Amino acid sequence: MQQQKIIILDFGSQTTQLIGRRVRELDTFCEILPYNKFPHDDDSVIGVILSGSPYSVYDPEAFKVDLSRIRGRLPILGICYGAQYMAHTYGGRVERAESREYGRAHLCTFDRENPLFEGFADNSQVWMSHGDTITALPEGFRTIASTEKVINAAYQAEGEKLWGVQFHPEVFHSLQGSLLLRNFVVGICGSRQDWSPASFVETTVNELKAQLGNDRVILGLSGGVDSSVAAVLLNRAIGDRLTCIFVDHGMLRKNEFRDVMRDYECLGLNVIGVDASEKFFSELAGVTDPERKRKIIGKGFVDVFNAEARKITDAKWLAQGTIYPDRIESLNITGKVIKSHHNVGGLPEEMHLQLCEPLKWLFKDEVRRVGRQLGMPEHLITRHPFPGPGLAVRILGDITPEKVRVLQDADDIFIRGLREWKTVDAEGREQSLYDQVWQAGVVLLPVKSVGVMGDERTYERAVALRAVTSTDAMTADWAHLPYEFMAKVSTDIINHVRGVNRVCYDISSKPPSTIEWE
Ligand code: XMP
């Protein structure tokens, strides 16, 4: 049976991704596409959502799209700008609001009979965020909900499956927003809600078999969850015709290369492990500038990867663990690159490799669910993100093997401590601190300070512990770890890691700081 999908046309709002998440939470597949890239020949589309936008419909650069081939054929829901754009285009009036409508509001009247509001409570809280407002609806359109200040908070084109809402159902503060999206996606569009990790694995493995035939594929593994899940999925589809390359640049966590290689072998992957640490240490010697360090590692990595990849002379494909947020960020239609992503790049053109990205439609937590579905070990699936340049961006100043050793030992104590320290939440569930934070690590500072050990004066290094909570690494808060835990880690590090006599805790959030120090 064909996979149904909802198309979200992106007009550049910051919450477009969130709409995608909400639809996926309804076990319904969706694709976010630029506002003008609707796939008219795709007959698996069951409904369309128009997102918000940073623009007003009157801005000269506002995004405009011809909906005539969609209207009347598929259900449409316009959100915020999407609603204003349709009202404006079809002959209504949109005007600058006297005061910007921002924040909480309540649907004080709404049409209980309307399928969009099925199950809605009185005075449901919604979240507004717009500078324009719809002051008159086009002919044949009808108001179906109002707030204290906004008369046309929601409308429908009579006798048609076309709705607009000026509030944002996708954000958490619209308390019945998920219900509204369910009413649209399931009730109105008729989603079968059959998008699940199991269906994803089955469909993707079949598609990969068809796409790759008997071709050989190369994949760069990093030890992280995305590339590992991509590898296991490809292995299911084409077995040993997948060759994975895992490069050790010498700045991985303590014993990580060995442990991860073992995991990969247990998973039945065909992996070439390359220890290139000496090359990286010699190229990095004396370099202190953070960007230069990154460049040297990035280039060195590509060189080592290429040298191995070239040996696989019959390879036709390069597979990558690119996931959906990586692509949305780089495809962002307003043209602003928020974060460039860091997969293996720059394979020589003469290799003529085609790109295969089996996870390109998945969000991070969906990748984890797919990993579980594939039977991968939990520690690989719940592994924290780790930067491509590794500990190099956590050693401030120049890098030496000795500093890496000191940092690896301190980091190992911190991470093991986080895994072992369990707390119980209000519902009685036990969870390690490791699983409660998004990411953690230790940073080696370029300062020495005075201490005393036994009767001896010491003059040694300081390290900073970093642990953050986040949902997507775009923003992050420092994790409020228990004091008793920090006391224990500090004592363990100072007692066991030679060369360190002081431990600090980083209490900066992102923004304005970043997660990594370099
Ligand atoms: P920042 O420090 O920008 O990090 O707040 C956001 C997330 O990205 C990771 N990160 C990197 N990942 N190569 C990577 O593969 C890099 O150069 C890099 N720099 C930062 C960081 O660990 C965090 O998860």
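How many bridges pair strand E8 with E9, and in which sense, parallel or antiparallel? I started my notebook here, and I remind myself that this is a predicted model.

**Entry 1: around strand E9**

I looked up E8 (residues 141–146) and found that it pairs with E9 in the antiparallel sense, over four bridges.

I then checked how the chain gets from E9 to E10: the two form a hairpin with four residues between them. In that turn, Gly-159 has a positive phi of about 70°.

Which way do the side chains of E9 (residues 154–157) point? I noted Ala-154 and Gln-156 on one side, with Tyr-155 and Ala-157 pointing the other way. All of these are buried. For my own reference, side chains in a regular strand alternate between the two faces of the sheet.

**Entry 2**

From E10 I moved to strand E4, and here the sense is parallel, with four bridges between E4 and E10.

Are the faces of E4 covered or open? I found both covered: Ile-76 and Gly-78 are buried on one side, and Leu-77 and Ile-79 are buried on the other.

**Entry 3: the five-stranded sheet**

I then turned to an open sheet of five strands and wrote down its order as E13-E12-E11-E14-E15, with parallel pairing. Its edges are E13 (271–275) and E15 (354–356), each of which pairs on one side only. From one strand to the next, I read an average twist of 30°.

Inside this sheet I looked at E11 (residues 216–221) and E12 (residues 242–248), which pair over five bridges in the parallel sense. Val-217 has Leu-242 in E12 as its bridge partner.

**Entry 4: Thr-322**

Where does Thr-322 sit? I found it in the loop that connects strand E14 (315–319) with helix H9 (324–331). Thr-322 counts as buried because its relative accessibility is 0%, and the cut-off for buried is under 20%. I also noted that its side chain makes a polar contact of 2.7 Å with the side chain of Glu-357.

**Entry 5: the ligand**

Which residues come nearest to the ligand? Of the 12 around it, I listed Arg-294, Gln-439, Lys-510, Ile-515 and Glu-516. The shell divides into five nonpolar, four polar and three charged residues.

- An N or O atom in the side chain of Arg-294 is 2.3 Å from a ligand oxygen.
- For Gln-439, a polar side-chain atom lies 2.7 Å from a ligand oxygen.
- At Gly-388 a polar backbone atom takes part, 2.9 Å from a ligand oxygen.

How much of the ligand's accessible area does the protein cover? I read 83% of the 490 Å² that the ligand has on its own.

Methods. Residues are numbered from 1 along each chain as its sequence is written. This is a predicted model: local features need pLDDT of at least 70, side-chain atom pairs count only at pLDDT 80 or more; totals for chains, interfaces and linings use all residues. Side-chain values use heavy atoms; hydrogens and water are left out. Two strands pair if DSSP finds at least two bridges between them. Axes are lines fitted to C-alpha atoms, for helices over the stretch in contact, and angles run from 0 to 180 degrees between N-to-C directions. A residue is near a molecule or strand if one of its heavy atoms lies within 4 Å of it. A polar contact is a pair of N or O atoms within 3.5 Å; within protein, one must be able to donate a hydrogen and the other to accept it, and residues adjacent in sequence count only if both atoms are side-chain atoms. Accessible areas come from the Shrake-Rupley method with a 1.4 Å probe; for residues, only the protein chains shown count as cover. Ala, Val, Leu, Ile, Met, Phe, Trp, Tyr, Cys and Pro count as nonpolar, Asp, Glu, Lys and Arg as charged, and the others, Gly among them, as polar. Buried means under 20% relative accessible area, exposed over 50%, partly exposed in between (1.4 Å probe, protein chains only).
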